[in-house]
Amino acid sequence: MSRPPAGAVRAAVIAAASAGIVLVAALFVGGAVTEKIVPGLGDAGDLTRWGLPLARLAMDIGAVLTVGALLAATVLVPSERAKGGNLLGPSALGYLRAASWLAAGWAAAAAATLVLTVSDILGEPVGQVVAGSELSSYIGQLPQGTALMFVVMLTAVIALLSRTATSAGGALGLLLLAGIALLPPPLNGHSAASPNHSVAIVGLALHIAAVTPWVGGLAVLCWHAWTDSGRRQGGGDLHVAAERFSRMALWCYVAVGVSGLANVVSRLPDPVELFTSDYGRLVLAKIAAFAVLGWFGWWHRTRTLPAVAARRPGAFARLATVEAAVMAATMGLAVALSRTAPPAVDSTGGTVKELLGYDMPPPVTALRLLTLWRFDFFFALMIVVLGGLYIAGIMRLRRRGDRWPVGRTAAWAVGLLSIASVTLSGVATYAPVLFSVHMAQHMVLAMLTPIFLVLGAPVTLALRALKPAAIRGDRGPREWLTVFLHSRVAKVVTHPAVATAVFIVSTYALYFSPLFEKAMRAHLGHIAMLTHFMLSGILFFWVLIGVDPAPVRLPYIGRLLVLFVTMPFHAFFGIAIMNMGQPLAKGWYTVLDRPWGASLVSDQSTGGAMAWAFGEIPTFIVLIALVFQWFVEDERLARRLERKADRAEALKEDDELSDYNAYLESLDRRSGRTAAGPLGTGDGSEPAGKAAEISGRRDGPEPAGKAAESADGGDARD
């Protein structure tokens with residue numbers, strides 16, 4: 001990359017100064033640095049008091065800039081693959097190399113934050129923590145320490161691999177790795193202790209996942225506009241990158257608004273606390289900054305993008321610099337907010353409410369399973385997003401004049417309804433409390449929902465609805481999807497042996513190990529467990545009845561064999577659960593201490609019986625789908641063979657006509673006569689007679705006989 005001009009440096013300084021000033025001011029307003037020191041209690045000192053929020057801010061800036069650079073290398077900057085293949089162009093490769101240095105800075109800031117966090121929790125000065133053995137011993141014991149150590153390791157890997165990666169696929173993998181490294185530290189903060197931790201944790205994860213590419217992408221685009229790479233081509237590639245970022249930023253803005261609202265509701269149930277608490281006032285400041293950023297986005301879409309299209313990149317650079325400064329200030333405000341204690345909540349609900357997020361439900365009945373619904377932000381968002389994208393794809397096809405099968409749409413809708421029926425209804429309310437209800441939830445998500453989602457053919461819909469990249473050699477969503485379908489990873493994962501092993505082995509490994517209890521104790525672990533059930537089922541049934549393009553396809557006999565070999569393992573699993581004398585996840589269910597219903601072992605036996613009996617339902621549905629697909633495939637093959645036979649017959653007749661033409665021409669050359677006219681002219685010449693003979697094969701036997709007689713007469717005269 002070329003040397004940055006003064007404008008780029010000035011923009012970076014303004015953004016950093018804005019973040020620092022707002023951070024310091026918010027720390028004073030929130031009282032994070034003005035707490036009274038209680039005699040007799042440990043004091044970490046001013047270095048930790050001021051250094052920790054500054055290190056957190058540096059870590060956040062490093063994170064967004066790393067993600068922004070990887071985003072530019074992978075998605076935003078148009079690829080320049082003159083030689084084809086999977087290699088990145090020079091501009092994208094420059095951002096990938098810059099991501100290496102930014103990730104190294106992210107790792108260093110995370111390491112500093114780790115040391116200062118241990119100092120803050122123990123109430124000991126930094127020097128004492130570093131010199132003693134507290135640092136190494138507390139890293140593994142404190143959730144915050146473990147999370148930050150995880151970030152340090154991941155960012156170090158990103159910094160190393162970004163130095164050598166040259167392919168678009170490698171850059172995308174590093175971007176996904178950076179996205180994983182974003183989540184652990186914030187999810188161990190206030191959200192984990194929120195009274196409604198289900199909404200708080202998912203809302204915060206979505207908030208970070210939306211804010212980081214938004215802020216990082218804008219920062220990198222601002223840099224790109226100021227540097228020579230944006231000006232050298234008159235802003236040509238900047239125009240493409242800015243349009244792509246604008247589309248992405250709109251969705252990020254919506255996600256930030258929705259997730260921010262969820263976070264506010266989970267931490268401040270009483271709206272009055274927005275005005276009466278320091279935490280609430282800082283939240284109001286963030287809301288104001290969010291509104292200002294929305295105005296910037298509107299201005300970009302209506303004024304700046306047309307200016308960039310007119311080859312005036314300076315218009316984007318100036319406005320983006322101001323917007324980046326506002327974003328940096330908002331980041332400083334967010335760090336101060338994380339250091340400010342939210343208002344105290346009522347903790348009289350007891351252990352059950354602390355673990356579940358709600359009180360112990362009443363004794364289970366069929367009516368309560370249907371009516372006692374409970375909102376789960378993650379699965380509600382999943383259903384809305386999947387349903388919205390599917391409908392958007394169908395509408396795009398219809399606007400283009402194409403049709404989409406109603407049956408596939410119905411199958412997709414049934415799949416989404418099945419997710420809602422076990423994750424938002426009374427089933428979700430009782431699943432953490434009763435093993436039998438949890439097993440019903442597992443069976444639906446792993447063995448019923450995937451069947452209908454696979455029959456919905458979402459990949460085929462996406463390939464038909466997504467537009468190809470406007471620039472030849474570049475990659476948009478459609479190209480990335482195609483690359484994944486042809487990748488080595490897809491070939492391995494979708495191999496029938498691998499898909500079957502994941503579907504079977506993961507179930508046994510989860511329930512007959514401590515993983516099940518750990519997943520039940522953490523809300524994120526519970527979400528990950530249910531999501532795994534669904535994804536493993538989608539992978540398995542995609543191999544059996546998938547209509548989407550796949551790297552590996554089994555013949556129908558092989559699919560039936562895989563189905564009949566796999567399903568007994570689920571029956572064996574249910575029998576094993578029924579015969580266990582000790583309850584699974586005993587610590588979890590003992591702490592909940594359910595005061596009603598059957599004993600833990602009896603309820604577990606009921607759950608095993610459900611797992612044993614449930615396998616008949618998906619087996620029957622899959623058999624019907626396989627028989628139908630087999631029949632349709634045979635019909636299609638028969639029609640294809642008929643068309644091929646018709647074409648072969650037509651070609652054979654055309655070849656006979658051509659051969660006879662050549663024969664007549666040779667006779668004409670030997671006799672010295674003028675070449676005959678075109679076949680089929682009906683002028684009484686030999687070619688016309690032979691044409692009648694050949695065409696008579698199509699029209700009927702009588703013309704063929706006349707043509708043969710005429711042709712014989714002509715030969716005798718010659």
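The model is a predicted one, in which local features need pLDDT of at least 70 and side-chain atom pairs count only at pLDDT 80 or more, while totals for chains, interfaces and linings use all residues. Residues are numbered from 1 along each chain as its sequence is written, and side-chain values use heavy atoms, with hydrogens and water left out.

Let me start with helix 28, which covers residues 556–578; helices here are DSSP runs of H or I with at least four residues, strands are runs of E with at least two, and both are numbered from the N terminus. Arg559 is found in this helix, and Arg559 counts as buried because its relative accessibility is 6%, where buried means under 20% relative accessible area, exposed means over 50%, and partly exposed lies in between, with a 1.4 Å probe and protein chains only. Leaving aside residues up to four places away in sequence, Arg559 touches Val543, Leu544, Arg553, Leu554, Leu626 and Gln629, a contact being heavy atoms within 4.5 Å.

Ile575 also has its place in helix 28, but Ile575 counts as partly exposed because its relative accessibility is 35%. Together with Leu561, Val565, Phe569, Phe572, Met578 and Trp612, Ile575 makes a nonpolar surface patch of about 670 Å², and helix 28 gives the largest share of that patch, six residues. Patches are made of residues with over 30% relative accessible area and no salt bridge, with like charges joined within 9 Å and nonpolar side chains (Val, Leu, Ile, Met, Phe, Trp, Tyr) within 5 Å; a salt bridge is a side-chain nitrogen of Lys or Arg within 4 Å of a carboxyl oxygen of Asp or Glu. The areas come from the Shrake-Rupley method with a 1.4 Å probe, and for residues only the protein chains shown count as cover.

Turning to the rings, how many aromatic pairs does a search of the whole structure find? The search finds 20, where rings of Phe, Tyr and Trp (its six-membered ring) pair if their centres lie within 6.5 Å, and planes under 30 degrees apart count as stacked, over 60 as edge-to-face and the rest as tilted. Phe378 and Phe379 form an edge-to-face pair, at 5.1 Å centre to centre and with 90° between the planes; Phe378 is partly exposed because its relative accessibility is 24%, whereas Phe379 is buried because its value is 2%.

Tyr511 and Phe573 form a tilted pair, 5.4 Å centre to centre with 50° between the planes, and this pair links distant parts of the chain, since Tyr511 is in helix 25 (residues 496–511) and Phe573 in helix 28, 62 residues apart. Both rings also belong to one aromatic cluster, whose members include Phe435, Tyr508 and Phe533.

Finally, we come to the backbone. Most residues other than glycine have a negative phi. Ala457, however, has a positive phi of about 55° although it is not a glycine, and Ala457 lies in the loop between helix 21 (449–455) and helix 22 (458–465). Asp593 has a positive phi near 50° and is found in the loop between helix 29 (586–592) and helix 30 (600–614). Is each of these residues buried or exposed? Ala457 is buried because its relative accessible area is 0%, while Asp593 is exposed because its relative accessible area is 57%.
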